[in-house]
Amino acid sequence: MDTAAYQAFTTELTRRADADGRFRGLVALGSMAARDYPPDDFSDHDFFVIAWPGHAETLRHERGWLPRAEDVALVFRETAHGLKVVYRDGHLLEFAVFDLEELSFARVNRYRVLLDKGGVTERMDARARDTTVELQRTAPDDAWLFGQWLTQVLVGMGRHARGEGLSGRARLDEAVRLFCLLLARHVPAPQASLLDGLDPVRRVERVYPETGGELSRALEGDSPALARTLLRLAERELSHVPAFPRDGVAAVRARLEALHR
């Protein structure tokens with residue numbers, strides 16, 4: 001969906017919500033919010049619907065309030081509050097329907113209130129603050145992150161060597177996620193505000209072009225090459241961190257070399 005079509009969809013969605021008496025508010029999320037970065041040709045529509053009391057479940061089941069409802073190819077309930085919709089042209093909607101009190105279940109970072117008929121902006125601002133506090137309170141320490149990262153690499157390569165390629169790659173994918181968490185925590189970057197506190201892999205290539213590019217290319221290759229890249233990048237980018245496990249990294253590198261002689 002190009003930029004003009006994307007904006008037209010957002011405008012029509014907002015118009016329909018405003019005209020429907022069941023809607024208390026509409027909140028754009030992620031790239032739809034156009035905060036820090038605009039949507040592009042690959043962006044989906046990600047949003048919250050805030051319903052007046054008694055209407056949330058009805059809106060989760062109905063499709064008529066969506067723009068181009070006749071072009072919907074797939075709808076499924078992802079969570080108690082959230083749904084995904086795919087149109088015939090491949091455009092994706094990811095949204096949740098809450099009443100105002102149910103917003104307490106949501107985690108929020110980038111957002112823009114498109115429609116507020118009572119208390120929505122205030123509640124979203126509060127949820128954003130609470131999300132930040134929750135993430136800080138529950139964030140694991142560096143020793144745990146490094147330990148998990150390194151053992152995921154080790155177990156992933158052991159399973160790969162055993163012939164469990166799918167399981168091994170899943171472990172290495174988790175190691176990539178943990179590495180990105182550590183990178184964001186310890187390596188400053190001019191565009192660090194573009195990173196996503198809820199998904200550490202998002203926009204890493206943009207914020208860290210060299211490291212992110214190397215990691216992205218490694219992900220296109222085989223598992224042994226990815227494991228070696230993870231170890232090399234961690235030593236280059238994160239060895240200054242006091243909790244960096246030098247001896248552990250050396251042990252895992254030796255194990256990888258033994259597995260692939």
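Biologist: Which side chain does D196 join in a polar contact of 2.8 Å?

Modeller: The side chain of N109. By polar contact I mean a pair of N or O atoms within 3.5 Å; within protein, one must be able to donate a hydrogen and the other to accept it, and residues adjacent in sequence count only if both atoms are side-chain atoms. Before we go on: this is a predicted model, where local features need pLDDT of at least 70, side-chain atom pairs count only at pLDDT 80 or more, and totals for chains, interfaces and linings use all residues. Residues are numbered from 1 along each chain as its sequence is written, and side-chain values use heavy atoms, with hydrogens and water left out.

Biologist: OK. Where is D196 found?

Modeller: In the loop between α5 and α6. Helices (H or I, at least four residues) and strands (E, at least two) are DSSP runs, numbered from the N terminus.

Biologist: And is D196 buried or exposed?

Modeller: Buried, because its relative accessible area is 15%. The cut-offs are under 20% for buried, over 50% for exposed and partly exposed in between, with a 1.4 Å probe and protein chains only.

Biologist: What is D196 in contact with, leaving aside neighbours within four places in sequence?

Modeller: N109, R110, R202 and R203. Contact here is heavy atoms within 4.5 Å.

Biologist: What about D199, where's that?

Modeller: D199 also has its place in a loop, the one between α5 (165–186) and α6 (204–207). D199 counts as partly exposed because its relative accessibility is 31%.

Biologist: Zooming out, how is the protein chain divided?

Modeller: Into domain 1 (3–138) and domain 2 (142–259), with bounds from an automatic or database domain assignment. Their C-alpha centres lie 33 Å apart. Seven residues of domain 1 and eight residues of domain 2 take part in the contact.

Biologist: How much area do domain 1 and domain 2 bury between them?

Modeller: About 600 Å², 50% of it on carbon and sulfur atoms. That's the accessible area (1.4 Å probe) that two parts lose on being put together, summed over both. On the domain 1 side, Y37, N109 and R110 supply 63% of the area buried against domain 2, more than any other three residues.

Biologist: How many salt bridges across that interface?

Modeller: Zero by the rule, which asks for a side-chain nitrogen of Lys or Arg within 4 Å of a carboxyl oxygen of Asp or Glu. There are five residue pairs in polar contact between the domains, both residues at pLDDT 80 or more.

Biologist: New topic: which residues of helix α7 are buried?

Modeller: In α7 (residues 209–219), T211, G212, G213, E214, L215 and A218 are. Their cover includes α5, α6 and α8 (223–238).

Biologist: What's the phi of A34?

Modeller: About 55°, positive although A34 is not a glycine. Most residues other than glycine have a negative phi. A34 lies in the loop between β1 (23–29) and β2 (45–51). R68 has a positive phi as well, near 50°, and lies in the loop between α2 (56–61) and β3 (72–77).

Biologist: Last one: how many helices and strands in the protein chain?

Modeller: Nine helices and six strands. Of the 261 residues, 43% count as buried, and the C-alpha trace spans about 65 × 35 × 30 Å along its principal axes.
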